[in-house]
Amino acid sequence: MLNTFQQERHAMLPETTHDESSRQEFVKSFKQYVQNKMLPNLHPAYSAQVAQFEKEHDRLPKDRREIRKIMVKDPGFRTYASANRISQELQWESVLTSIERQLPELNAKAKKLSAASGAELLIDPNFETPRYITALDIHCMPGGYAGEACEDDVSTGALYDRGVYLYAMGYMGPHNDDLGRSVGNYIKRNLSGFTPTNILDMGCTVGHSTLPFTEAFPEAAITGIDVAAPQLRYAHARAQAMGAEVSFQQRDAAHTGFDDNSFDLIVSHILLHETSGKAMPQIFKECHRILKPGGIMIHADLPPFDHSDLFSEFILDNETYYNNEPFWGPMRDMDQVQLAKDAGFPADQISFDQAPMAILEFAAAEDKGYEEEAVAAVADREFEAGEFAPGGGWEVLIAHKSNEVGGEA
Amino acid sequence: MSDPTVARYSKGKRPGFYADPAMDEAMSMIMVLSSEFFVLRERLDTFEAIAAEKGVMLSEEIDSYEPTQELAEQREARKQEFFDRLFFVANKRAAELASQDSSGRYAAALSTIAEE
């Protein structure tokens, strides 16, 4: 199935020349090829390597780390892993060129749009960016989430907006919002009667997943928080450009500074695996503290490894080693249900579930390139570790805070 | 004040995938060149599409175009020169063998020139 998905333009998205656009499209096509053709080639390669291993050791590899040791020498794996890394580097480079060319204009545009918004943009001049964000540039994105080229800069926000679209090959929809949309749908379809009035999106970056909640719950007050100022500035301007008014605030999800019992819904989307071993449990505790009694937290990320398929675990763990995602693997060795219990959520109120992808909606809306067949192919496929986005649905961890005021578990 | 510049390299040591780091470099270069190939190819597509919108069916004319002798010779020369550049290292190696140049002669030069 040919993927011709196209990101929808909005006023903050950097302009591209013909050649810049071609370079970006090349990356998207290359990533699709890596996923469709190079990734499946690893199975025969692994079979051959593991047969050799078994002959030498009289047993199978015991964990994903041992599999890595034998696979890094495999020529097929080298080609795959190197191609994957290069696609990531070309992706950022193809976007950076267009951003640098128009950076002062982009920053001026963001200022103007933000000034026209009725919602608050809160940047904390004394904010200390957590080390898990500054130690490595996550996803190999030059500058990282919080990097600034100049004062009041939005460049890494713009880079993230366009880069994520290419990274996801358009699977997240013309506005990169499939995750937020899917979680919103999930709440409406599965938590009947629950209509949140005060929603917090943690680790919102440029607001991709935040804005769908304005559509799902038009009456609710919605706040997005993140640790990275350039992402928030861009988010605020982008929301205004897209006709949404959402408050974006620079706050740490582990220590938000919000009052107790402030929100009835707290969501996060692919945030947890980008935090740290100490920050993640603290984020759960903070969620419990600032949720109202009866409130709900939903984290759309990934469940712990269950060790049923070590080869898939090894493939998934490539992100840890090759894509500057230091917490990706370790996070999946942590017991998130236990962390939620420790944070005070009642044991019988914590569960993992799947929120079906909203991608079919993009075909129904006739978004550019979202042909029905191509969209169905993404939604219906059998997921293979290493692909972007599951076929069936996003994994979500859901926990309800006890209804009793002050009721701690 | 000069225009602000954005970071071009991500913080975090780049992993190597091959036994020889040169192979990692070469793979990256090949993909950059492949990208530029499609950039050019798409510029041509666009050229043809815009011409077609204006009623000039370039792609049909391109397909049926017979190059003149002059153009055929230019093309062939260009390709042969390209192969020379593409196989630069192999060609240089052959030239070294032909002139009996060697790393021994190079080392000898290093140790003697300074003295001469």
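Biologist: What radius of gyration does chain B have, and what would a compact globule of 116 residues have?

Modeller: The radius of gyration is taken over C-alpha atoms, and the globule rule is 2.2 Å times the number of residues to the power 0.38. In this predicted model, chain B has a radius of gyration of 24 Å, whereas a compact globule of 116 residues would have one near 13 Å. Along the principal axes, the C-alpha atoms of chain B fill a box of roughly 75 × 50 × 40 Å.

Biologist: Before we go on, how should I read the labels and the limits of the model?

Modeller: Residues are numbered from 1 along each chain as its sequence is written, while chains are lettered from A and ligands numbered from 1 in the order in which they are written. Since the model is predicted, local features need pLDDT of at least 70 and side-chain atom pairs count only at pLDDT 80 or more, whereas totals for chains, interfaces and linings use all residues.

Biologist: How many helices and strands does chain B have, and what share of its residues count as buried?

Modeller: Helices (H or I, at least four residues) and strands (E, at least two) are DSSP runs, numbered from the N terminus. Chain B has five helices and zero strands, which gives the pattern α-α-α-α-α along the sequence. A residue is buried if 20 or more other C-beta atoms lie within 10 Å of its own, exposed if 12 or fewer, and partly exposed in between, with C-beta atoms placed from the backbone; by that rule, 3% of the 116 residues of chain B count as buried.

Biologist: Which domains does the assignment give for chain B?

Modeller: Domain bounds come from an automatic or database domain assignment, and for chain B this gives domain 1 (19-65) and domain 2 (66-116). The C-alpha centres of these two domains of chain B lie 28 Å apart.

Biologist: Turning to chain A, how far does helix H4 reach from its first C-alpha to its last?

Modeller: The expected span of a helix is 1.5 Å times one less than its number of residues. Helix H4 of chain A (residues 75-101) has 27 residues and reaches 39 Å, close to the 39 Å expected, and H4(A) is mostly covered, with 19 of its 27 residues buried.

Biologist: Why does A:Ala108 count as partly exposed?

Modeller: A:Ala108, which lies in helix H5 (residues 103-116) of chain A, counts as partly exposed because it has 13 C-beta neighbours inside 10 Å.

Biologist: In what order do the eight strands of the sheet in chain A stand?

Modeller: Strands of a sheet pair through backbone hydrogen bonds, either parallel or antiparallel, and two strands are taken as paired if DSSP finds at least two bridges between them. In chain A, eight strands form an open sheet with mixed pairing, in the order E1-E4-E3-E2-E5-E6-E8-E7. Strands E1 (121-122) and E7 (350-356) of chain A stand at the edges, each with a single partner strand, so one side of each is left without a neighbour in the sheet.

Biologist: Which strands pair with E6(A), and in which sense?

Modeller: Strand E5 (residues 263-269) of chain A pairs with E6(A) in the parallel sense over six bridges, and A:Ile266 stands opposite A:Met297 in E6(A). The chain crosses from E5(A) through helix H11 (residues 279-290) of chain A to E6(A) in a right-handed β-α-β crossover; a crossover is right-handed if, with the strands pointing away from the viewer, the path from the first strand over the helix to the second runs clockwise. With strand E8 (residues 393-400) of chain A, E6(A) pairs in the antiparallel sense over five bridges.
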